[in-house]
Amino acid sequence: MSLSLIGIIFVQAYYISNSISSKEDNFNFNVKQALIQVTKNVETEEYRDHVNSLRKLMAQDIDVIKDTTAIINLYIKQEDQAKNETLVYRNGILEENYKLSPALFDIGLDTISIKKVISENETKVYKTSEIDGKVKINETFIEYGKTEKILFEPYYRNFAYRTPIHQRISKEKIERLLSLKLMQFDIDIDYEFAIYSNDLATKVQTDNFELENQGTMGFPIFTEDNGNYNYRLLVNFPDRNRFIWSSVIGMLGLSILFTSIILIAFVTALSQIIKQRQIAEIKTDFINNMTHEFKTPIATINLALDSIKNPKIINDKEKVKRYLQMIREENKRMHAQVENVLRISKLEKNELNISKEGVSLHDLVEDAISHVELIVEDRQGHIETELKATKSSVLANETHFINVLVNILDNAIKYSPDAPKITVESVNVGNNILVTIKDEGSGMSKAAVKRVFEKFYREHTGNIHNVKGHGLGLSYVKRIVEDHSGHISVTSEKGKGSAFTIKLPLIS
């Protein structure tokens with residue numbers, strides 16, 4: 001599953017990366033095409049406007065003087081007797097010279113001369129009628145020479161070469177053409193442009209144009225006949241990246257959303273699997289510990305019953321009473337274990353009804369200590385009390401809260417390898433009372449401190465079974481304290497003992 005999830009993420013990242021790259025290539029191609037068409041249109045319009053102005057000037061009579069007119073004609077006549085045809089070929093050239101007034105051009109010259117040359121080719125085929133002998137034109141072919149380009153283009157090139165770029169083209173015209181072409185390619189974002197001459201800026205540019213090495217795109221404008229050029233139309237897009245990403249942002253968002261859902265589901269499932277495995281291990285330890293806890297009293301009861309059956313013992317009332325007492329104690333021990341499990345089960349189902357009344361927490365502490373005092377003395381230990389709280393009245397269930405304190409004291413005794421040294425302190429903090437039970441036992445690791453109140457949890461001690469238990473006591477303690485609107489916490493260090501602190505609200 002992990003490999004598949006990583007593979008899906010990489011495939012999506014690769015697909016999105018390719019989409020962005022493809023979008024960027026398409027954007028660059030469209031901008032390049034727009035620049036090509038704009039530069040071509042600018043050149044075409046300039047040439048057309050220039051030629052039209054010359055045509056209008058030559059068509060006017062005012063300030064236009066036709067200087068000379070020359071006509072050159074070449075005639076060729078061929079006769080074909082077999083076909084009874086005569087072919088006449090004529091090639092004529094008309095040359096007209098004009099002198100224009102300098103007032104029509106603002107270029108500071110005295111006179112302007114224009115030469116107009118028009119060529120015409122004509123072919124006629126004559127056929128003599130055999131009936132009346134009259135000559136009839138059979139076919140006529142006329143072709144006019146295309147000399148306007150030869151006439152105007154050299155002058156246009158020379159004129160344009162000597163004219164400053166800002167007089168040839170305006171910023172507004174380029175902006176109009178460029179906006180139109182970009183819109184045709186669905187590029188509707190802000191742009192800045194400029195015309196550069198040999199890497200130097202000209203006056204034809206927008207106010208915020210900045211030359212960038214990577215983001216700026218350009219194409220030659222006003223190219224010469226030999227393919228050389230001095231000017232380049234440059235354009236850059238401040239919002240280029242946003243425009244490119246906008247086409248994939250929806251797909252990227254959905255991809256991240258669904259991948260996140262899959263990832264969260266995967267992590268959650270993995271966490272549940274690990275948690276269930278831990279619970280299974282804890283339950284296995286619990287069953288082993290419960291089995292160990294029940295095995296000893298059952299064996300003791302069996303031995304006591306076997307002893308009572310013995311004819312020599314059955315008549316000895318003292319021994320019978322002793323064995324019966326042992327059976328009763330072991331039975332009570334097993335009953336207590338079962339009751340502990342049932343109490344936890346009822347707490348989880350919220351079926352345990354706990355009635356509360358006003359009691360002194362100090363009295364409950366004294367009662368709990370009396371329950372374990374003999375065990376502590378038997379191990380040559382002692383319990384010290386430092387009950388400094390001036391107010392100790394709380395709302396509690398006496399039986400259950402004594403069980404809470406006994407459980408904590410019992411753990412302090414069990415997890416003290418040497419003679420138990422336990423201190424019970426109380427103090428008032430605001431409207432609360434804090435009771436702290438400290439011991440100098442084996443303590444707990446940091447990992448155990450975080451999980452010590454979990455049901456069935458017990459810190460692993462290998463195959464050592466000197467400390468009996470099944471991980472239910474502290475879980476019960478936590479549930480009872482919380483049911484009393486209190487809080488319990490623990491601090492511990494391995495080898496230096498533990499300290500459990502119970503916080504309960506005082507009766508106002």
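**A sheet and its surroundings**

Guide: In this predicted model, an open sheet of 4 strands is paired in the antiparallel sense, in the order β6-β5-β8-β7.

Visitor: Which strands stand at the edges of the sheet?

Guide: An edge strand has a single partner strand, so one side of it is left without a neighbour in the sheet. This holds for β6 (200–205) and β7 (217–221). The strands at the edges are therefore β6 and β7.

Visitor: What is the bridge partner of E192 in β8?

Guide: Strand β5 covers residues 192–197, and strand β8 covers residues 231–236. These two strands pair in the antiparallel sense over 6 bridges. In β8, the bridge partner of E192 is N236.

Visitor: At about what angle to β5 does helix α4 run?

Guide: Helix α4 comprises residues 171–184 and lies across β5, β6 and β8. Its angle to β5 is about 125°.

Visitor: Are Y191 and F193 stacked, edge-to-face or tilted as an aromatic pair?

Guide: The whole structure holds 6 aromatic pairs. In the pair of Y191 and F193, the ring centres are 6.3 Å apart and the planes stand at 35°. Planes under 30 degrees apart would count as stacked and those over 60 as edge-to-face, so the remaining class applies. The pair of Y191 and F193 is tilted.

How values were computed:
Residues numbered from 1 in each chain as written. Predicted model: local features only at pLDDT ≥ 70, side-chain atom pairs only at ≥ 80, totals over all residues. Heavy atoms only, no water. Phe/Tyr/Trp six-rings, centres within 6.5 Å; stacked < 30°, edge-to-face > 60°. Pairing = 2+ DSSP bridges. Contact = heavy atoms within 4.5 Å. Axes fitted to C-alpha atoms, helices over the stretch in contact; angles between N-to-C directions.
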